[in-house]
Amino acid sequence: MRLLILGGTIFLGRHVAAEALSRGHEVTVFHRGRHGADLFPDAEHLLGDRSGDLTALEGREWEAAIDTSGYQPADVAASSALLGRACVEHLGFVSTCNVYPTWPAEAVSEDTPVWTEGDDYGPNKAACEREAEAALPGRVAAYRAGLLCGPHDNVFRLPWWVQRIGRGGEVLAPGDPERTVQLVDCRDLAIWFVDLAEQRRAGVFNATVPAGRTTMHEVLEAAVAATGSDAHLTWVPDEALTAAGVEPWMELPLWLPEADGPGTWQVAASRAEATGLRARPIAETVADIWAWLESGGAEAEGEDWLSPAAARGIAPEKEREVLAAVAR
């Protein structure tokens, strides 16, 4: 099929483009030209800016499109209207679980109400979904993504852990080691997105793996195994981390005190699984992230490649202070 990818050169979009090309589809990637211009020589590259310059897309036709870069409702309204004129039969729109006002405080499913007002990330993504559906009624698959991971991760949450464990020594591991997490490899999402585009399947899907499959302990031990380091995990309870002033999510990626976010890793995913989303073992994802880091990682991706939301990680001196306090 003729497939347009809005984005297509960073993280999720990059994996979607690679998957579509591997199947022999005729792929066009629309991006600003800031990153990945040397990627995918077999794809057509169209340059523009979805916030104001869509002229490169005008007068064209595609059978399907996957929008990996829509954040502002007005931008999505404009691009989706153009796709309607381009005779697109299927639009996969990458959204987020942040469309649910009650998440992560509560478990959510696709039937959970979404934001209907507000001007923040979650409300804007919910409005983007509505704009896409209005322009292409019955032709949109809205993918409410969970925690994405894999090689070329520009939000750098799981890679931060792999990198930290690769340095070895005593590692501050957060919370209950048996708490389960929902981490979905972007390459698995890419396979599924292209499957659904081929099938022209529409609907709303929580784009993540089923809850309860993987513990945080398994994730971090997989990093110990993949890196071959002498890292030793010291598990510190939520209460001690909070008392020490450790910032959830940014200083210790993937960690939010369970009391503050009991629904964080309780996103219903049966609809995605029923339509073909399959998850590779977390150990495979971790090993591939380590291989990417060893080959250059974020430093090799170029200037301004990291997302503004990228995890910064706990400073080494603060990590040592927290570990020393726990030891006392």
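These legends describe several close-up views of one predicted model. Residues are numbered from 1 along each chain as its sequence is written, and side-chain values use heavy atoms, without hydrogens or water. Local features need pLDDT of at least 70 and side-chain atom pairs count only at pLDDT 80 or more, while totals for chains, interfaces and linings use all residues.

View 1. Helices (H or I, at least four residues) and strands (E, at least two) are DSSP runs, numbered from the N terminus. Along its principal axes, the C-alpha trace spans about 70 × 40 × 35 Å. Of the 328 residues, 55% are buried. Buried means under 20% relative accessible area, exposed means over 50%, and partly exposed lies in between (1.4 Å probe, protein chains only). Take the contacts between residues at least 6 apart in sequence: 78% join residues at least 24 apart. A contact means heavy atoms within 4.5 Å.

**View 2. The second largest pocket.** Its volume is about 160 Å³. A pocket is an open set of points on a 1 Å grid over the protein atoms alone, with protein on both sides within 12 Å along at least five of seven lines; a cavity is a set where a 1.4 Å probe fits but cannot get out. Lining residues have an atom within 4 Å of a point. Points are joined across faces, edges and corners, and a volume is the space filled by probe spheres set on them. The lining of the second largest pocket includes G33, R34, H35, G36, A37, D38 and L39. T9, R14, A300, E301 and W305 also line this pocket. By class, the lining has four nonpolar, four polar and four charged residues. Nonpolar covers Ala, Val, Leu, Ile, Met, Phe, Trp, Tyr, Cys and Pro; charged covers Asp, Glu, Lys and Arg; the others, Gly among them, are polar.

**View 3. The largest cavity.** The structure holds one cavity of 30 Å³ or more. About 50 Å³ of space lies in the largest cavity. T208, V209, P210 and R213 are among its lining residues. The lining divides into six nonpolar, one polar and three charged residues.

View 4. Most residues other than glycine have a negative phi, and most peptide bonds are trans. The bond from W103 to P104 is cis, with omega near 15°. P104 sits in the loop between strand 5 (90–96) and helix 3 (121–135). C87 is not a glycine, yet its phi is positive, about 65°. C87 lies between helix 2 (73–85) and strand 5. At 42% relative accessibility, C87 is partly exposed. H152 has a positive phi near 70°. Its loop runs between strand 7 (147–149) and helix 4 (158–166). H152 is buried, at 16% relative accessible area.

**View 5. S295 in its loop.** S295 is found between helix 9 (282–294) and helix 10 (316–327). With 59% relative accessibility, S295 counts as exposed. S295 and T215 are 80 residues apart in sequence. In space, S295 and T215 are 28 Å apart, C-alpha to C-alpha.
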